[in-house]
Amino acid sequence: MKKFTNCLLISALLMAGKAVAQMPHDAIYMGKGAVCVATMYGKSTWNEYWENSLKRSNSNLGTHTTQNVMVMPAIGITNRLNVILSLPYVWTETSAGNLLGQKGFQDLSGWLKYRVLNTHGFSLHAVAGASLPVGNYVPDFLPMSIGLQCRTVSGRLIASYKHPETGLYATAHGTYMWRSNIKVDRDAYQADDRVYNTNQVSVPNAYDMGVRLGILRKKWQTELWAERSSCTHGDYIRRHDMPFPTNNMQATTVGWYGKFQPNKIGVNARVGYVTDGRNVGQSTSYSVGVLYLFKL
């Protein structure tokens with residue numbers, strides 16, 4: 001039986017579930033003392049993947065599906081400083097074969113977003129983030145794993161311009177993510193065309209960049225977006241082999257996001273499609289959510 005194959009870049013795998021009124025990659029802020037809580041459901045599926053640069057399918061997997069539910073509050077500390085938190089519950093499955101999926105809480109993530117500059121419609125923002133695994137999931141059982149079990153620290157810069165009268169805006173961001181080593185339940189593993197006699201695995205650092213074009217009004221928002229995610233280094237999935245946390249996972253994703261929030265209660269939706277990649281599945285993802293806004 002052919003061994004299975006691929007997973008999404010974990011730092012981007014849950015993007016289908018991370019689409020709320022205020023995000024770590026946008027220029028939107030909660031006012032001082034305001035809180036917006038998003039309750040989200042997300043789903044991502046693929047049946048073809050890139051084994052390094054070779055695009056293929058695998059009948060022993062069929063269609064791979066990742067789903068998640070998540071509560072994500074955005075809190076206004078001041079008008080220029082926001083705190084954003086997230087904790088997803090994730091589960092995976094395939095339509096063929098006998099591999100059992102994983103399920104459980106993944107990683108607790110948090111971001112501090114600060115508006116550094118705001119003048120004549122142009123704004124500049126700095127975001128610091130970190131994540132900590134909270135679930136006892138297995139990181140090296142890809143693509144059924146729900147995460148990589150590594151601790152992360154990230155830094156992001158956001159530049160945005162919004163036309164005051166029409167609400168038309170353009171936003172660009174760039175991020176660098178530092179990842180810790182992880183421990184796996186084995187005495188040795190193969191990566192980089194060599195054998196490592198240890199249970200310590202070095203997970204590659206990663207970066208992403210993206211652009212967004214849209215319209216933001218008082219009660220609604222719509223945008224088109226494109227993102228590129230990549231590891232800084234790493235190996236690739238060997239022919240007919242399993243993916244591994246040391247793989248250099250890369251993905252280019254395009255999509256749409258929309259929000260309608262006439263008052264305290266709102267709804268949003270997001271869709272995305274991976275157009276190109278290395279060592280990732282060519283996934284289609286979507287999310288829907290309910291937003292609730294209140295003052296502390």
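Predicted model: local features only at pLDDT ≥ 70, side-chain atom pairs only at ≥ 80, totals over all residues.
Residues are numbered from 1 along each chain as its sequence is written, and side-chain values use heavy atoms, with hydrogens and water left out.

Stay with Thr-92 and colour strand E5, residues 81–94, in which Thr-92 lies; strands here are DSSP runs of E with at least two residues, numbered from the N terminus. Thr-92 is buried, with a relative accessible area of 7%, where buried means under 20% relative accessible area, exposed over 50% and partly exposed in between, for a 1.4 Å probe and protein chains only. Leaving aside residues up to four places away in sequence, the residues that Thr-92 touches include His-64, Gly-101, Gln-102, Met-144 and Ser-145, a contact being heavy atoms within 4.5 Å.

Next, select Pro-143, whose place is in the loop between strand E8 (122–133) and strand E9 (152–162). The peptide bond that leads from Leu-142 to Pro-143 is cis, with omega near 10°. Most residues other than glycine have a negative phi, and most peptide bonds are trans.

Two further stops concern phi. Move to His-240, in the loop between strand E16 (220–231) and strand E17 (250–260), where phi is positive, at about 65°, although the residue is not a glycine; His-240 counts as partly exposed, at 33% relative accessibility. Then go to Asn-279, in the loop between strand E18 (265–278) and strand E19 (284–295), which also is not a glycine and has a positive phi near 60°. Asn-279 is buried, with a relative accessible area of 2%.

Finish with the cysteines. The structure holds 0 disulfides, a disulfide being a pair of cysteine sulfur atoms within 2.5 Å. Select Cys-150, which is in no disulfide and has the sulfur of Cys-231 as its nearest cysteine sulfur, 9.6 Å away. Cys-150 is buried at a relative accessible area of 4%, and Cys-36 also counts as buried, at 3% relative accessibility.

Key. Helix = DSSP H or I, 4+ residues; strand = E, 2+ residues; numbered from the N terminus.
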